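I set out to record what could be looked up about strand pairing, cores and side-chain contacts. The entries follow the order in which I looked.

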Amino acid sequence: MVTQPQTRRGQRSGARAAAAVLAGLALLTACGGGGRDDGPDFPPTATGTLEQLASKAHCKPNMQTDAQELRQANCTTGDGRYVLATFATDRGQREWINEANDYGGSYLVGRKWVAVGEEGVVAALRGRLGGTVETASQHHSGSGADGGSEGGHSGHHMS
């Protein structure tokens, strides 16, 4: 009878380990923002300068920020308006996205670039640029008359 409690403990710890592995896989899948960069309906993820990406997206960029770390332009196409930004580093891109996530929205993300716009615009852009769609829920509580809308955020400036 001494072996039975050990067997139960062994079964319980094995079940816990399996549950932990499944939970970890679920978290990785949930955090993937769609999982794969490219699918059968999407082109390979585009690369290049802001101007090259804008050309692939059929946009004439209206440059707003032209710095070594960040280049950002507003674009308007038949699909709608969006912001296209390129970054000098992967870290700079991730920091920008993390800050911008406070304002909600849809992001099309490639290597060292991001496009931000309405969900339908981002979906259309993905058909030209590839990339991964990330969606952030708006949880910023602005105190201005615009109710915290993304129009006043430097990452979403659309003027």
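The entries below cover the strands, the cores, the disulfide and the ring contacts.

**Basis.** I worked on a predicted model, in which local features need pLDDT of at least 70 and side-chain atom pairs count only at pLDDT 80 or more, while totals for chains, interfaces and linings use all residues. I numbered residues from 1 along each chain as its sequence is written, and I used heavy atoms for side-chain values, leaving out hydrogens and water.

**Strand E4.** I took helices (H or I, at least four residues) and strands (E, at least two) as DSSP runs, numbered from the N terminus. I looked up strand E4, residues 105–110, and found 5 of its 6 residues buried (under 20% relative accessible area, with exposed over 50% and partly exposed in between; 1.4 Å probe, protein chains only).

I then looked for its partners, counting two strands as paired if DSSP finds at least two bridges between them. E4 runs antiparallel to strand E6 (residues 132–136), with 5 bridges joining the two; in this pairing Leu-108 stands opposite Val-133. E4 also pairs with strand E5 (residues 113–117), again in the antiparallel sense and over 5 bridges, and Gly-110 stands opposite Trp-113 there. The hairpin of E4 and E5 has 2 residues between the strands, and I noted a positive phi near 65° at Lys-112.

**Nonpolar cores.** I defined a core as a set of buried Ala, Val, Leu, Ile, Met, Phe, Trp, Tyr and Cys residues joined through side-chain atoms within 4.5 Å. The largest has 17 residues, and Tyr-82, Leu-84, Leu-108, Leu-125 and Leu-129 have the most contacts inside it. Among the elements that each supply at least two residues of this core are helix H2 (50–56), strand E3 (80–87) and helix H4 (119–129). H4 gives the most, with 4 residues. I also recorded a second, separate core of 12 residues, including Leu-70, Phe-87, Val-114 and Val-116.

**Disulfide.** Which cysteines form a disulfide? I searched the whole structure for cysteine sulfur atoms within 2.5 Å and found 1 disulfide. Cys-59 and Cys-75 form it, with their sulfur atoms 2.0 Å apart. The pair links distant parts of the chain, 16 residues apart: Cys-59 lies in the loop between H2 and strand E1 (62–66), and Cys-75 in strand E2. The link is left-handed, with -80° about the S-S bond, and both cysteines are buried.

**Charge over a ring.** Arg-126 lies over the face of Phe-42, at 3.8 Å from the ring centre.

How values were computed
A charge sits over a ring if NZ of Lys or CZ of Arg is within 6 Å of the ring centre and within 35 degrees of the ring normal.
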